[in-house]
Each structure stands twice: as C-alpha cells, then as structure tokens.
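Colleague: Could you take me through this model one question at a time?

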Amino acid sequence: IVGSHAFDVRQAVKGRVGSAESGERDFDMQIGGKETRFIGGDFNQMTSGSYTSICLNDTYISSSTNMSLKTTTGIVAIGAGSNVDMRSSATTLIKSGTTLTQTVGTSMTQTVGTSWTSTTGTTWDHTSTGNVDIDGARIDLN
C-alpha cells in the first residue's frame with residue numbers, strides 16, 4: 001500500500017504467522033512515528049524465548065493498583081547509571097529468604113521517621129575502621 005490504510009472491524013481479529021508444521025516464521029514491523037494502543041480489557045504478552053525492550057529516552061511504567069516484578073528462578077536486577085530512588089507512601093518491605101547484603105561504596109545514610117527495629121536470628125557483627133558513634137536519650141546494652 002502506497003498511502004494510508006485504515007480498517008474498522010466490529011468483531012474479533014485473529015491471525016497467525018507460520019504454523020507448527022511450517023516451523024518458525026518472523027513478524028517484523030517498523031513504525032516511523034508513534035504508536036498508541038488503548039486496550040479495554042486485559043493485556044497479556046508471552047514469549048517462549050527472551051524478551052528485550054530498549055528505549056532510547058525515558059521510560060515510565062504506572063499502575064493504578066498493584067505492580068509486581070517477579071522471576072520464578074534467577075535474578076531480578078535493578079541498575080542505574082547514577083541513582084536508584086525507591087519511595088513508598090506507606091510501608092516499605094525488603095524481605096530476603098536467607099541473606100541480605102548491603103554494600104556501599106563510600107557512605108550510607110538511613111533516616112527513619114519514627115522507630116526502627118532490627119532483629120538478627122543468630123549473630124550481628126559490625127566492623128568499622130573508624131569511630132562508632134551511638135547517640136540517644138537512653139542506650140540499653142543487655
């Protein structure tokens with residue numbers, strides 16, 4: 001088609017590229033402008049291979065209720081070129097099945113609004129090459 005193409009389908013549109021008998025067939029599409037989709041129901045996407053999404057500018061993902069990022073096995077990795085900013089208007093929960101490791105390059109500041117409770121199952125070990133400063137109205141050790 002040299003020019004525009006439009007369609008109005010009042011029922012379902014279903015299609016297939018390739019078949020089980022014919023083996024793998026590709027579907028490639030290039031869009032010179034923007035793409036906008038509005039889906040009135042659920043949107044499900046599945047691949048039996050790898051999934052890669054590359055954006056050369058900002059990426060925003062938003063949900064009006066819950067959002068989950070999960071892997072059945074393997075690693076969920078979040079990396080940033082500069083800063084990682086995690087925020088919650090209520091409780092923030094970081095839960096590890098076995099070991100939680102924090103590695104900080106130069107300095108770390110934790111600010112807690114009201115109270116902070118830390119529980120260790122067996123041994124808590126702290127090593128500092130400098131001074132350890134504990135300030136409080138009252139400090140109870142044992």
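Modeller: First, a term: a residue is exposed when its relative accessible area is over 50%, buried when it is under 20%, and partly exposed in between, using a 1.4 Å probe and protein chains only. The model is predicted, so local features need pLDDT of at least 70 and side-chain atom pairs 80 or more, while totals for chains, interfaces and linings use all residues. Residues are numbered from 1 along each chain as its sequence is written, and side-chain values use heavy atoms, without hydrogens and water.

Colleague: What share of the 142 residues of the protein chain counts as buried?

Modeller: A residue has to fall under 20% relative accessible area to count as buried. Among the 142 residues of the protein chain, the share that does so is 0%.

Colleague: What radius of gyration does the protein chain have?

Modeller: This radius is taken over C-alpha atoms, and the globule rule is 2.2 Å times the number of residues to the power 0.38. The C-alpha atoms fill a box of roughly 80 × 35 × 30 Å along the principal axes. A compact globule of 142 residues would come near 14 Å, but the protein chain has 26 Å.

Colleague: How many strands does the protein chain have?

Modeller: Helices (H or I, at least four residues) and strands (E, at least two) are DSSP runs, numbered from the N terminus. For the protein chain, the count of helices is 0 and the count of strands is 0.

Colleague: How many salt bridges are found in the whole structure?

Modeller: Side chains of opposite charge can pair when their charged atoms come close. A salt bridge needs a side-chain nitrogen of Lys or Arg within 4 Å of a carboxyl oxygen of Asp or Glu. One of them joins Arg87 and Asp85, with closest N and O atoms 2.8 Å apart. The number found by searching the whole structure is 4.

Colleague: Which residue forms a salt bridge with Arg138?

Modeller: Arg138 counts as exposed because its relative accessible area is 66%. The closest N and O atoms are 2.9 Å apart, and the partner is Asp140.

Colleague: Which residue forms a salt bridge with Asp8?

Modeller: Asp8 has 55% relative accessibility, so Asp8 counts as exposed. With closest N and O atoms 2.7 Å apart, Asp8 pairs with Arg10.
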